[in-house]
Amino acid sequence: MTRQQRKEIERQFYNYEQNRNTCAEYMAERALSRLGVDYSHERVKTSPGNKTEDEVIDTVDKYETMYRWCLVYEKTLDRFRWTLKDKLMQMRYIDRNSECCILDQIGIERRTYFYWVEDILQVAYLWAQEYDLM
């Protein structure tokens, strides 16, 4: 895992709550917009240069990517469920506590903290590869 990939994983982990809420709103909006509408007879238009169509495709891709990053976080959290590493993930990426606060509350050494963060990011990297994000 490169430094750039590590930064991307951590950035997405810090944005997990926001991404999850945005994706939930988007999925609910899509579900409501399809109620009572029959799309079974519509054709997908593939004309070149259709700006509206391109914008729709880009929007769907953006939300799909956000959803897959949410899955990466959740699968990584499941991997470390019932260990102190899940508490570290919660405190670091969701609560955004400082390093010192995390060390005090979990009761680990600084070296162990960095080892665990690296372990978490390695598992997340494997999930990101699984979901074609890396």
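## Contacts, aromatic pairs and salt bridges in a predicted model

Apart from neighbours within four places in sequence, Leu84 is in contact with Ile106 and Trp116. The model described here is predicted. Leu84 belongs to helix H4, which covers residues 84–94. With a relative accessibility of 39%, Leu84 counts as partly exposed. Between the C-alpha atoms of Leu84 and Ile108 the separation is 9.6 Å, and these two residues are 24 apart along the chain.

**Aromatic residues**

Six aromatic pairs are present in the structure. One of them joins Tyr113 and Phe114 in an edge-to-face arrangement, with 5.1 Å from centre to centre and 75° between the planes. Tyr113 has a relative accessible area of 3% and is therefore buried, the limit for that class being under 20%. Phe114, at 37% relative accessibility, is partly exposed.

Trp127 and Tyr131 also form a pair, and this one is stacked: the centres lie 6.0 Å apart and the planes are at 20° to each other. Trp127 is partly exposed, at 27% relative accessible area, whereas Tyr131 is buried, at 18%.

One aromatic cluster is made up of Phe13, Tyr14, Tyr16, Tyr73 and Tyr93. Another ring, that of Tyr63, has the charged end of Lys62 over it, 5.0 Å from the ring centre.

**Salt bridges**

Side chains of opposite charge can pair when their charged atoms come close. The structure holds eight salt bridges, and the table lists some of them, including the bridge between Arg11 and Glu8.

| Salt bridge | N to O distance |
|---|---|
| Arg11 and Glu8 | 2.8 Å |
| Glu17 and Arg20 | 3.5 Å |
| Arg68 and Glu64 | 3.8 Å |

Arg11 and Glu8 are both in helix H1 (residues 3–14), where three residues, about one turn of the helix, lie between their positions. Arg11 is partly exposed at 43% relative accessibility, and Glu8 is partly exposed at 23% relative accessible area.

Helix H2 (residues 16–34) holds both Glu17 and Arg20, three residues apart and thus about one turn of the helix. Glu17 counts as partly exposed, at 31% relative accessibility. Arg20 is likewise partly exposed, with a relative accessible area of 35%.

Arg68 and Glu64 are separated by about one helical turn because they stand four residues apart in helix H3 (residues 51–79). At 36% relative accessibility, Glu64 is partly exposed.

How values were computed: Residues are numbered from 1 along each chain as its sequence is written. This is a predicted model: local features need pLDDT of at least 70, side-chain atom pairs count only at pLDDT 80 or more; totals for chains, interfaces and linings use all residues. Side-chain values use heavy atoms; hydrogens and water are left out. Helices (H or I, at least four residues) and strands (E, at least two) are DSSP runs, numbered from the N terminus. Buried means under 20% relative accessible area, exposed over 50%, partly exposed in between (1.4 Å probe, protein chains only). Contact means heavy atoms within 4.5 Å. Rings of Phe, Tyr and Trp (its six-membered ring) pair if their centres lie within 6.5 Å; planes under 30 degrees apart count as stacked, over 60 as edge-to-face and the rest as tilted. A charge sits over a ring if NZ of Lys or CZ of Arg is within 6 Å of the ring centre and within 35 degrees of the ring normal. A salt bridge is a side-chain nitrogen of Lys or Arg within 4 Å of a carboxyl oxygen of Asp or Glu.
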